[in-house]
Every structure is written in C-alpha cells, then in structure tokens.
Amino acid sequence: MGDFLLRLKTKEGPIVVKDLTPKHNMYDLKQKVCDLTKIDEMKVNILSGYPPKSLDLSNFARTIEAVGLRSGDTLIVEEKSSPSQQFVNKNEERLQHITAEQFNSHGILMRRTVPSDNSCLFTSIGFVLGGKVDTTCGSDMRQIIASEVSSNEGEYSEAILGKPNKDYCKWILRSDSWGGAIELCVLSRFYGIEIAVVDTINGIIQRFGEDKDYGQRVFLIFDGIHYDPLYLEQMTPDGRIQTIFPSDDDRIFAEAQQLASEAKASRQYTDVQNFTLKCLVCQIMLTGQAQAQQHARESGHKDFGEIAS
C-alpha cells in the first residue's frame with residue numbers, strides 16, 4: 001500500500017502532509033496542521049468534502065479513517081478571527097460579549113457565580129471564552145484534557161497525575177471529577193490563552209500559560225474548592241462585558257491582584273479544615289481536608305465531590 005498523504009489548501013499555498021496514517025486521531029491531525037500553517041490551535045478551522053464542511057475537531061479520539069478522510073484528500077485550512085469563536089458558535093443567546101480586540105479599559109472587575117456541580121472550573125472557562133454560563137461545555141473540555149494527557153504519557157506521568165495515566169484519563173472524563181492545576185495547564189495550552197487564577201486563600205494570582213507569551217489573558221477566582229469567572233462590566237448603557245484582555249494590560253492585572261488581597265483580608269475563602277464534602281465511592285459525608293485524607297488512607301477511596309450549593 002502506498003504512503004498516506006493529505007493535501008492542505010491554505011492562504012499561503014498548498015501543503016502536502018505525508019507523516020500521518022489513517023490510524024492517527026483528530027488531535028494528531030489538528031496538531032500537524034497547526035504546526036505546518038502556524039495557525040493557533042484555538043483559531044484553526046479545517047474543512048473537507050464538497051461542499052466543504054468543518055471537521056469536528058473536538059472528538060480527538062476519532063481516527064482520521066473514522067471521519068472518512070482518504071489518502072489524497074484535500075483539506076481547506078482557515079484561521080478564525082477570534083479565540084472565543086468555538087464557544088460563540090455554541091452560545092447564540094450569550095450575553096453581549098466583547099473580546100480583547102474590542103478592548104475598552106473603563107469598567108469594574110466583577111465575579112460571575114457559576115453552579116457548584118464539580119465542573120465549576122470548566123463552566124468558568126467556558127464563560128470567559130464565550131460570555132455565557134454553559135454547564136454543558138465541561139464534557140468537551142474533559143475530552144480535550146483526556147486526549148492531551150493520554151497522548152503525552154512521558155509528560156503526564158503517575159508522579160505528576162497522582163495516579164496512572166490511563167486511570168487519570170478515565171477519572172477526568174467523569175462528570176463528578178474536579179478540575180485543578182493540571183487541567184488549567186492543559187486548557188491554557190489548548191486554547192492558546194493565559195489563565196490567571198485569583199487565589200483568595202493566599203491573596204495571590206497563579207498564572208497558567210505565563211511562560212508561553214500568549215497575547216491574551218482571562219481571569220478566574222478560586223476560594224479553595226470553587227472556581228468562578230471574572231469579567232469587566234463596561235461603563236456603557238448596552239450592558240457589554242469584557243472577559244478576554246491583552247496579556248500586557250497591567251491595569252486589569254493590578255485590579256485582579258487587589259481583588260485577591262481584599263478577598264484574603266475579608267476571609268472570602270473556604271476553610272479547608274471544616275468544609276463538607278462527600279466520598280463518591282461510599283457516599284459518606286466528611287468534614288475538612290484532614291478527614292478526607294484519613295478516609296482515603298483507611299478505605300483506599302480517592303474520589304471526593306463538592307456539595308452543591
């Protein structure tokens with residue numbers, strides 16, 4: 001059988017891809033296209049067929065063969081105009097939402113409360129990218145994380161994940177699994193945007209993707225067990241909000257830092273020694289981090305859930 005190849009039609013001219021096989025998945029295809037075209041991962045759009053239709057790049061586990069691509073096929077590669085476009089398409093009824101390209105620095109940095117349903121991190125990221133609270137976006141993000149982690153076992157070892165790579169991938173796909181630092185790192189890289197987390201426990205800002213020199217930044221706030229998104233409420237009568245900011249905007253970053261300091265001073269965080277959570281294996285209710293750790297040692301159970309508020 002001859003070599004498998006795909007042809008890319010880009011604004012810079014045609015490109016031939018020879019180092020993929022029908023068994024490679026959509027994540028591999030997306031990575032290869034982005035490497036060759038220099039288009040950011042969150043802006044790339046790949047079309048195939050006639051009339052051309054966008055390929056579903058969110059289901060990374062599907063193989064090139066499974067989506068119907070054959071050797072010699074031509075793919076059209078486009079660059080989307082906005083890093084939040086993936087969410088804009090899904091959220092037609094979103095709040096009036098503006099991106100960094102439309103930036104207006106006059107406003108007040110506000111917190112948008114999202115549900116406490118074990119997916120608050122993903123819902124918060126969906127909000128800052130798309131301008132709407134969409135509790136369904138977590139399943140897509142969990143799939144993205146599992147695909148990234150499973151395809152990079154060297155980088156995501158048991159020492160990093162706290163469990164074997166395959167076990168972690170099964171775990172993160174569950175709707176009752178919490179997201180944290182690992183998931184923030186993966187999603188920052190996938191969407192090509194810095195995620196700054198206002199930590200109200202320590203009064204600091206933790207920056208994910210800081211070393212990548214991304215041009216844009218979003219803000220979340222974390223109180224010890226729960227994430228919410230931050231947004232700038234514009235001083236305009238049309239009710240627009242700003243969630244994506246230039247990464248060199250020192251004024252907004254300073255406002256977020258001030259918010260972190262004030263939240264710590266006023267104890268706007270969860271006391272991890274006394275908060276209530278549930279073991280998702282045996283359903284027992286536990287109080288505080290110490291009880292959870294003791295229960296894990298005695299029972300071997302390691303999955304705990306946030307109590308919905």
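A definition to begin with: a crossing of two helices is left-handed if the near helix is turned anticlockwise from the far one by less than a right angle, and right-handed if clockwise. Before I use that, two remarks on the source. This is a predicted model, where local features need pLDDT of at least 70 and side-chain atom pairs count only at pLDDT 80 or more, while totals for chains, interfaces and linings use all residues. Residues are numbered from 1 along each chain as its sequence is written, and side-chain values use heavy atoms, with hydrogens and water left out. Helices (H or I, at least four residues) and strands (E, at least two) are DSSP runs, numbered from the N terminus.

Now the helices. Two packed helices are described by the angle between their axes and the distance between the axes. Axes here are lines fitted to C-alpha atoms, for helices over the stretch in contact, with angles running from 0 to 180 degrees between N-to-C directions. For α3 (residues 120–130) and α7 (residues 181–191), the axes come within 12 Å and cross at roughly 25°. The two are therefore roughly parallel; angles under 35 degrees count as that, over 145 as roughly antiparallel, 65 to 115 as roughly perpendicular and the rest as oblique. The crossing of α3 and α7 is right-handed. On the α3 side the contact (heavy atoms within 4.5 Å) is made by Leu121, Phe122, Ile125 and Leu129, and on the α7 side by Glu183, Leu184, Leu187 and Tyr191. By class, those residues are seven nonpolar, no polar and one charged. Ala, Val, Leu, Ile, Met, Phe, Trp, Tyr, Cys and Pro count as nonpolar, Asp, Glu, Lys and Arg as charged, and the others, Gly among them, as polar.

How does α3 lie relative to α4? The axes of α3 and α4 (residues 137–150) come within 9 Å and cross at roughly 105°, which makes α3 roughly perpendicular to α4. Here Phe122, Thr123, Ile125 and Gly126 of α3 meet Cys137, Gly138, Met141, Arg142 and Ile145 of α4. That contact has five nonpolar, three polar and one charged residues.

On to the strands, where two strands pair if DSSP finds at least two bridges between them. An open sheet of five strands has the order β2-β1-β5-β3-β4, with mixed pairing. At its edges stand β2 (13–17) and β4 (53–54), each with a single partner strand, so one side of each has no neighbour in the sheet. Within this part, β3 (residues 44–48) and β5 (residues 74–79) run antiparallel, joined by four bridges, and Ile46 stands opposite Val77 in β5.

Next is β8. Six of the six residues in β8 (residues 194–199) are buried, meaning under 20% relative accessible area, with exposed over 50% and partly exposed in between (1.4 Å probe, protein chains only). Glu194, Ala196 and Val198 lie on one side, and Ile195, Val197 and Asp199 on the other. Ala196 has bridge partners in both: Phe219 in β10 and Arg207 in β9. β8 and β9 form a hairpin with four residues between them, and Gly203 in the turn has a positive phi of about 70°.

Last, two loop residues. Most residues other than glycine have a negative phi. Asp213, in the loop between β9 (204–208) and β10 (216–222), has a positive phi near 55°. Asp213 is exposed, at 70% relative accessible area. Gln283, between β14 (276–279) and β15 (285–287), has a positive phi near 70° and is partly exposed, at 44%.
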